[in-house]
Amino acid sequence: EVDVRDTEGLNQAVAEGVAAFGRLDIIVANAGISPPQVWDEITVDDFRDVMDINVTGTWNTVMAGAQKIIDGGRGGSIILISSAAGLKLQPFMIHYTASKHAVTGMARAFAAELGKHSIRVNSVHPGPVNTAMGSGDMITAIGKVMETNPALQNMMTPFLPTWILEPEDVADVVYWLACDESR
C-alpha cells in the first residue's frame with residue numbers, strides 16, 4: 001500500500017512488482033478524492049489536497065511504471081480514471097472538476113507521446129459509483145451544498161434508469177481497455 005503522492009514509494013512498489021512478476025504491461029491510476037464544497041468554502045489546503053491526490057498522484061503512478069512498460073518492448077495499456085466531471089463538470093466541486101479535466105488532458109498527452117511504444121493510454125469517465133466514498137457522508141454533503149444553489153442540482157442528469165454504477169461496472173471497462181482486444 002502506497003500513497004500516490006509518495007513518488008519514491010510508488011517507484012519502489014513498481015520495482016518490487018516487476019522483480020517478482022518479471023514485467024509490467026498495465027497501469028491503472030485510480031486514486032482520487034471528491035469532497036463536495038461550495039466554491040467559497042474551498043480552502044487552499046482543500047484545493048491542494050484534491051490536486052495532489054487526483055492530478056499529481058495520477059502523474060506519479062504513470063511515471064512510476066511507464067518506462068517499465070517501454071523496457072518490456074511489448075507495449076501495454078495505461079488507464080487513467082477521470083470522471084464525468086472531467087468531460088463536463090460537477091457543481092459544488094470546483095477543485096474536483098479541475099483535477100479531473102487535468103487527468104483527461106494528461107491521458108491525451110501521454111497517449112500522444114507513448115503511442116510510439118505501442119502503449120495505449122485511455123481515460124475512463126464514470127459518473128456516481130456505489131462505493132464508500134460515493135455514498136453515506138458524500139450524499140449528505142452533496143445535499144447540503146445543493147441547498148446553496150438548487151438550480152445546479154440537475155447538472156449531471158442521468159440518461160439511464162440505473163445511473164449509479166457499481167464498482168464492477170467500472171472494472172469491466174478498465175479490464176477491456178487493459179486487454180489486447182482493445183487495441
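Analyst: The accessible surface of the protein chain is about 10,700 Å², and carbon and sulfur atoms hold 57% of that. Areas come from the Shrake-Rupley method with a 1.4 Å probe; for residues, only the protein chains shown count as cover. This is a predicted model: local features need pLDDT of at least 70, side-chain atom pairs count only at pLDDT 80 or more, and totals for chains, interfaces and linings use all residues. Residues are numbered from 1 along each chain as its sequence is written, and side-chain values use heavy atoms, leaving out hydrogens and water.

Of the 183 residues, 37% count as buried, meaning under 20% relative accessible area with a 1.4 Å probe, protein chains only. The chain has five helices and three strands. Both are DSSP runs numbered from the N terminus: helices are H or I with at least four residues, strands are E with at least two. Their order from the N terminus is α-β-α-β-α-β-α-α.

Now the histidine. His 95 sits in helix H3, residues 94–114. His 95 is buried, because its relative accessible area is 0%. Its side chain makes a polar contact of 2.7 Å with the side chain of Gln 37. Such a contact is a pair of N or O atoms within 3.5 Å; within protein, one must be able to donate a hydrogen and the other to accept it, and residues adjacent in sequence count only if both atoms are side-chain atoms. Leaving aside residues up to four places away in sequence, His 95 touches Pro 35, Gln 37, Ile 42, Asp 46, Phe 47, Val 50 and Met 51. Touching here means heavy atoms within 4.5 Å.

Definitions and conventions. Buried means under 20% relative accessible area, exposed over 50%, partly exposed in between (1.4 Å probe, protein chains only).
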